[in-house]
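Work through the exercises below with the sequence and the structure at hand. Each task is followed by a solution in steps.

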Amino acid sequence: MALSPGIKEGPCLDLGCGFGGTIDQMHKYGFHSIHGVDIDRSSIDYARQHYPEIPFYCADATQVSTLFVPQFFSFISLFSVIYAIEDKRKLLGSLSTVAKPGALLALFDYTIKKSSFPEKDLAGKSMFPMTLSSLTTNLEETGWEILQIDDLSSQFLAWYRALLAKIKTDEAALGKEFPPRDILKVTATFTTMKDWLKHSKLGGALVLARRKAFLKT
């Protein structure tokens, strides 16, 4: 789906920006005014050091409506973020507040077919992957119109297989920078997630939605 020039030229938000790598890629794709938000202080400190021209904020994702004026952003992206947030309706409502009418929302994340998923991510925190039926309802109720849903489960599986292969290939070099226990933990976690994807316990999807011109009151 091609993006209109107006979306790229307006203010954009990368929510869950981490170390800022996604923002760097967005710049290369023609986005001009980008803001980054992440809850992890060390990630924000790193991003501020390496991308000083970008405004970064350390905050909870569901609180973005307290950081920015209403109807500010033309494009909002969340890459592997929404799976970590249990109250997705609250999140999407907060994003709707700061999105301009017609703004584009891109969600790239894990999916599940059932609502129960008592598993942990790499940091040991509970995962709440997207249930597409519930997500559709939450988007509609918070002022978003779904434009496109692409099932990327097979691509997610391929990415994890490639990542694990690269970790194995670079094991000696990684051992010079990280303790062996950390490498083992990352490898074990990614292997588990690869197996979830392989057996369809976990999936992946890209969801694109547009902020409606008028919100329900």
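This is a predicted model: local features need pLDDT of at least 70, side-chain atom pairs count only at pLDDT 80 or more; totals for chains, interfaces and linings use all residues.

**Exercise 1. Helix α6**

Solution. Residues are numbered from 1 along each chain as its sequence is written, and side-chain values use heavy atoms, with hydrogens and water left out.

Step 1. Helices (H or I, at least four residues) and strands (E, at least two) are DSSP runs, numbered from the N terminus.

Step 2. Find the buried residues, where buried means under 20% relative accessible area, exposed over 50% and partly exposed in between (1.4 Å probe, protein chains only). In α6 they are Phe156, Leu157, Tyr160, Leu164 and Ile167. Down the axis of α6 they fall within an arc of 100°, so they line one face of the helix; the arc is that of the directions from the helix axis to the C-beta atoms.

Step 3. Turn to the face away from the buried side: Ser154, Lys166 and Thr169 are exposed there. The buried residues pack against β5 (99-112), α7 (171-175), α8 (180-198) and β8.

**Exercise 2. Helix α5**

Determine which residues of α5 are buried and what covers them.

Solution. Step 1. Leu135, Asn138 and Leu139 are the buried residues of α5. Seen down the axis of α5, they fall within an arc of 100°, so one face of the helix is lined by them.

Step 1. Their cover includes α4, β5, β6 (130-131), β7 and β8.

Step 2. Just after α5, Gly143 has a positive phi of about 95°.

**Exercise 3. Salt bridges**

How many salt bridges does a search of the whole structure find?

Solution. Step 1. A salt bridge is a side-chain nitrogen of Lys or Arg within 4 Å of a carboxyl oxygen of Asp or Glu. The search finds six.

Step 1. One of them joins Lys28 and Asp24, at 3.7 Å from N to O. Both residues lie in helix α2 (residues 21-28), four residues apart, about one turn of the helix. Lys28 is exposed at 60% relative accessible area, and Asp24 is partly exposed at 25%.

Step 2. Arg89 and Glu141 form another, at 3.0 Å from N to O. Arg89 belongs to helix α4 (residues 88-98) and Glu141 to helix α5 (residues 132-141), so the pair ties together parts 52 residues apart in sequence.

Step 3. Arg210 pairs with Glu145, their closest N and O atoms being 3.3 Å apart. Arg210 is in strand β8 (residues 203-211) and Glu145 in strand β7 (residues 144-151), so this pair ties together parts 65 residues apart in sequence.

**Exercise 4. Asp14**

Is Asp14 buried or exposed?

Solution. Step 1. Asp14 lies in strand β1 (residues 11-15).

Step 1. Asp14 is buried yet has no salt bridge, and Arg48, the nearest side chain of opposite charge, is 13 Å away. Lys and Arg count as positive and Asp and Glu as negative; His and the chain ends are not counted.

Step 2. Leaving aside neighbours within four places in sequence, the contacts (heavy atoms within 4.5 Å) of Asp14 include Thr22, Ile23, His35 and Phe79.
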